[in-house]
Structures are given as C-alpha cells and as structure tokens.
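Welcome! Take a moment to look at the structure below, and then walk through its parts with this briefing.

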Amino acid sequence: MAKQKPADDVESVLATLEHPQKPAILVIREILLGAPGVTEGVKWNAPSFRTTEWFATFHLRAKAGVQMILHRGAKVRAGDGITVDDPGGLLTWLGKDRASVTFADAADVAAKREAFAALIRRWVAHV
C-alpha cells in the first residue's frame with residue numbers, strides 16, 4: 001500500500017488510495033453515509049465519520065481485510081464505556097469505549113451489510 005498524503009476531503013484520499021480492499025472500503029463508506037445524520041471527513045489521516053462527534057475511522061494499515069474502528073470521539077471520555085447490542089457478533093472490543101469491525105473483502109461486507117448498518121445506527125445512538 002502506498003503511503004498517503006494528507007488530503008482535505010475523503011474524495012481526495014480515496015482517489016489516491018492504493019489498497020487491495022478498495023472495493024470493500026467504498027461499500028463500507030456507503031453504508032456509514034446511509035446512517036441518519038452521518039457525515040465524513042479526514043481525521044487521523046483516514047476517512048472518518050461523525051454525527052456531532054467522530055465515531056468511526058478506517059484503519060487502512062490493517063494487515064488483513066478492512067478494519068473500522070468505532071469509538072466515542074476524538075477525546076477519551078470519563079465514566080463508563082459503551083454498551084451496544086451486537087447480535088451479528090461483528091464487534092471486537094479494544095477497550096471499554098472502542099471496538100473494531102473487520103471485513104475480509106467486499107463479499108464479506110455484502111454478507112454482513114444489514115448487520116453492520118444496524119450496528120452503526122445503534123453505535124451512533126450512544127455517541
């Protein structure tokens with residue numbers, strides 16, 4: 001994967017992105033932008049998504065597949081973590097306030113599309 005240069009917008013990042021799972025990345029982006037009130041931007045040198053706070057960021061350097069990091073914003077918040085119903089078993093918890101979702105490829109995204117879209121709606125409700 002080629003090293004990315006900072007860009008002002010997600011379109012610029014994606015236009016220059018050389019990643020073996022780019023088709024999967026584009027579908028995941030579409031799913032995230034389909035959630036109510038979600039917009040995108042570049043944060044941490046990667047396409048990221050927000051409502052009132054940043055809550056999801058692509059981890060483009062993941063060794064295998066495509067990984068999304070779900071979190072509760074740019075700053076660590078005091079208090080309890082987050083609890084989100086995950087009937088599809090998509091979340092791998094990285095801490096009490098952040099988790100990851102990993103997809104092997106575009107076919108895996110397609111197979112988990114509905115479960116991921118529902119998970120994103122639930123996650124956004126907690127941000």
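The buried residues of H3 are Asp108, Val109, Phe116, Ala117, Ala118, Leu119, Ile120, Trp123 and Val124, where buried means under 20% relative accessible area, exposed means over 50% and partly exposed lies in between (1.4 Å probe, protein chains only). Helices (H or I, at least four residues) and strands (E, at least two) are DSSP runs, numbered from the N terminus. This is a predicted model, in which local features need pLDDT of at least 70 and side-chain atom pairs count only at pLDDT 80 or more, while totals for chains, interfaces and linings use all residues. Residues are numbered from 1 along each chain as its sequence is written, and side-chain values use heavy atoms, with hydrogens and water left out.

- Those buried residues of H3 pack against helix H2 (22–33) and against strands S3 (54–59), S4 (66–70), S5 (92–95) and S6 (98–103); contact here means heavy atoms within 4.5 Å.
- H3 lies across S3, S4, S5 and S6, and runs at about 165° to S6. Axes are lines fitted to C-alpha atoms, for helices over the stretch in contact, and angles run from 0 to 180 degrees between N-to-C directions.
- Helix H3 covers residues 106–126 and bends by about 65° at lysine 112. The bend at a residue is the angle between axes fitted to the seven residues ending there and the seven starting there.
- At the start of H3, the backbone nitrogen of alanine 107 has a side-chain oxygen of aspartate 105 within 3.1 Å.
- Arginine 113 lies in H3 and counts as partly exposed because its relative accessible area is 29%.
- Leaving out residues up to four places away in sequence, arginine 113 touches Val27, Glu30 and Ile31. Arginine 113 and isoleucine 31 are 82 residues apart in sequence, and their C-alpha atoms are 7.6 Å apart in space.

**The overall plan**

- The protein has three helices and six strands, and from the N terminus on its elements run α-α-β-β-β-β-β-β-α.
- Of the 127 residues in the protein, 43% are buried.
- Among contacts between residues at least 6 apart in sequence, 52% join residues at least 24 apart.

**The sheet**

- Six strands form an open sheet in the order S1-S2-S3-S4-S6-S5, with antiparallel pairing. S1 and S5 are the edge strands, and each pairs on one side only. From one strand to the next, the twist averages 30°.
- Two strands pair if DSSP finds at least two bridges between them. S1 and S2 pair in the antiparallel sense over five bridges, while four bridges join the antiparallel strands S3 and S4.
- Where does alanine 56 find its bridge partner? The partner is leucine 70, in S4.
- In a regular strand, the side chains alternate between the two faces of the sheet.

**The turn between S1 and S2**

- S1 and S2 form a hairpin with two residues between them, and lysine 43 stands opposite alanine 46 in S2.
- Tryptophan 44 lies in the loop between S1 (39–43) and S2 (46–50), and asparagine 45 is found in that loop too.
- Tryptophan 44 has a positive phi of about 60° although it is not a glycine. Asparagine 45 also has a positive phi of about 60° and is not a glycine.

**The nonpolar core**

- In soluble globular proteins, nonpolar side chains tend to be buried together.
- A nonpolar core is a set of buried Ala, Val, Leu, Ile, Met, Phe, Trp, Tyr and Cys residues joined through side-chain atoms within 4.5 Å. The largest one here has 34 residues, of which Ile28, Leu32, Phe55, Phe116 and Trp123 touch the most other members.
- Which element gives the largest share of this core? H3 does, with seven residues.

**A buried serine**

- Serine 100 lies in strand S6 and is buried, with a relative accessible area of 2%.
- Leaving aside neighbours within four places in sequence, the contacts of serine 100 include Met68, Leu91 and Leu94.

Methods:
Polar contact = N/O pair within 3.5 Å; in protein donor to acceptor, adjacent residues only side chain to side chain.
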